[in-house]
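Here are some notes on the charged side-chain pairs. Please read them with the structure open.

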Amino acid sequence: MSIVSSLKGWPSLEAIASDLNSVSIAALLEQDSQRFSRYSLEAAGLFLDYSKNRLDDRAMAGLLALAEERRLADRIQAMVSGERINLSEGRAVLHTALRSQADELNVDGANVMPAVHHVLARMKQFVRRVRCGDWLGVTGKPITDVVNIGIGGSDLGPKMVAEALFDPLSDARANPQGSPLRVHFVSNLDGEHLLQTLAGLSAETTLFVVTSKTFTTMETLTNARSARRWFTEQTGIEDGVDKHFVAVSCNAEAVAEFGIAEQNRFEFWDWVGGRYSLWSAVGLSIALACGMENFEELLGGAEQMDKHFCTAPLADNMPVILALVGIWNRNLLAIPSVMVTPYDQRLASFPAYLQQCDMESNGKSVTVQGEPVAVKTAPVIWGAPGTNGQHAYMQLLHQGNEPVATDFILALKPRQNTPFAEHHLPLVANCFAQAEALMRGRSRDEAAAALVAAGRNQADARALAAHQVLPGNHPSNMVLMDRLTPATLGALIALYEHKIFVQGVIWGINSFDQWGVELGKQLAKTLVDDLDSQQSPSPHDSSTRGLVERFRAAQACESGESASE
């Protein structure tokens, strides 16, 4: 596969970008009264407006030609049909199968769909038992709290969705005592995360869901072992693990060694990437928090986006368009980061979820053949809910000198029956206003006129106006939905999954491995022993050696203080 900058269409895209350097987004909108309708599309309950980007029809035609040159349609079919497109690990990439209602999809000659449907049926039965109070702990009490222990894709996706779909106005999750089932998430190796989560919980009524594909992840197993110790210390019962611990894992042997029976293990498969796994049994905590019906609607919304992605022409394909616009901003306009700002508190964790999904997928510097990729790949993804960002980092976007692209995400209607519906109109106004302000900016003359209108004299207004100039011309996309529902959330997540895949195809990289996370893990295993003062430390650079020695000295001091007490 050729590097992207050597493709036939790349030089013309560079020339078009150069032509547009002196053109503002505001001018493009003024010149074309139909730009909004032509640069927007709908699919699977979502609406995408990409008209506030500094590109034109020539750029869009060139980007679509680039996708054709990369044979994108063929790559999409290769993924969803189960080909081993994760070349460095020799795996298929089939998260789309997890939300499919199809009866047959063969991988290496075996139909994987019966197993997918079987696990969903097991999840449904288990979730019903826990949520209706039939699953009893060792002392005969129903479960009131669920703690998901995982990290990365085993935490970020489930946590984000559980938060987004939590409904404080519904009593559908009420257990027989009338209290809602509370679901918590522990991921950090720092013991403070587990300590703070367990504070106030009762071991007799707590269920732990240990989520790890390999069941060897150090952070997850450390937290799980500590949770098991906490359980036995709190209850005084050594053999109650099966009533209070279940596992989501591919590794049956390691799960059994931990003490969890096979009937309490929910499986998934090596063709499910961690950051794409919330659709599998990894979503067990989502279903426990929100109900299996909502989890199934989430799958259904994602499947609708999958169907659109696989069948829509490239020019009308929402994930493809979002990806190509991102390629334009990243590579042709040299914009290094994307701010993701959902104007919805329920999506507070969505930017963090996308950080892993995008940067772990496309944070690569070599092609699938192992050659230098020659262009910038994944942008830095960051953000937080609006309107909070307006009172924090939006200042940098409006008046700083670092270019940033933005994805705004908004539900047009608030939660049904919310007692605070009056908040929604100013929220929507702020979202639209920020997108407009980033695009339009404000000239010095406009700033001076506003100051005069506010009562300043001409001289003062002219002097102060320099501080109130906003350059504008910052690109943004707007993703709208009627309401945030399980189905529209499923479609939204799938939209970004497919966008990331398309960008990986264009760049010629493997979006489905993550070798960059391994070296730190390997070094940490060595350093655990080196930090023990009874061990002879391994060779390290002078900085790391100095840090190890400082830690050992602190531990020795701590031991001395304890001995003197």
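1. Lysine 364 and aspartate 513 form a salt bridge, with N to O at 2.8 Å. This is a predicted model. The pair connects distant parts of the chain, 149 residues apart. Lysine 364 sits in the loop between helix H15 (350-362) and strand E11 (380-382). Aspartate 513 sits in the loop between helix H20 (486-507) and helix H21 (518-530). Are these two residues buried or exposed? Lysine 364 is buried at 16% relative accessible area. Aspartate 513 is buried too, at 7%. Both count as buried because the cut-off is under 20%.

2. Glutamate 296 and lysine 124 also meet through their side chains, in a salt bridge of 3.7 Å, N to O. Glutamate 296 belongs to helix H13 (residues 292-311) and lysine 124 to helix H6 (residues 113-131), so this contact ties together parts that are 172 residues apart in sequence. Glutamate 296 is partly exposed, with a relative accessible area of 35%. Lysine 124 is partly exposed as well, at 42%.

3. Arginine 265 pairs with glutamate 262 in a salt bridge, 3.0 Å from N to O. Glutamate 262 is partly exposed, with a relative accessible area of 44%.

4. Salt bridges also link Asp19, Asp56 and Arg58 in a network. Please check this group on the model.

5. How many salt bridges are there by the rule used here? The count comes to 24. Among them are the pairs lysine 364 with aspartate 513, glutamate 296 with lysine 124, and arginine 265 with glutamate 262.

Conventions: Residues numbered from 1 in each chain as written. Predicted model: local features only at pLDDT ≥ 70, side-chain atom pairs only at ≥ 80, totals over all residues. Heavy atoms only, no water. Salt bridge = Lys/Arg side-chain N within 4 Å of Asp/Glu carboxyl O. Helix = DSSP H or I, 4+ residues; strand = E, 2+ residues; numbered from the N terminus. Buried < 20%, exposed > 50% of the residue type's maximum accessible area, 1.4 Å probe, protein only.
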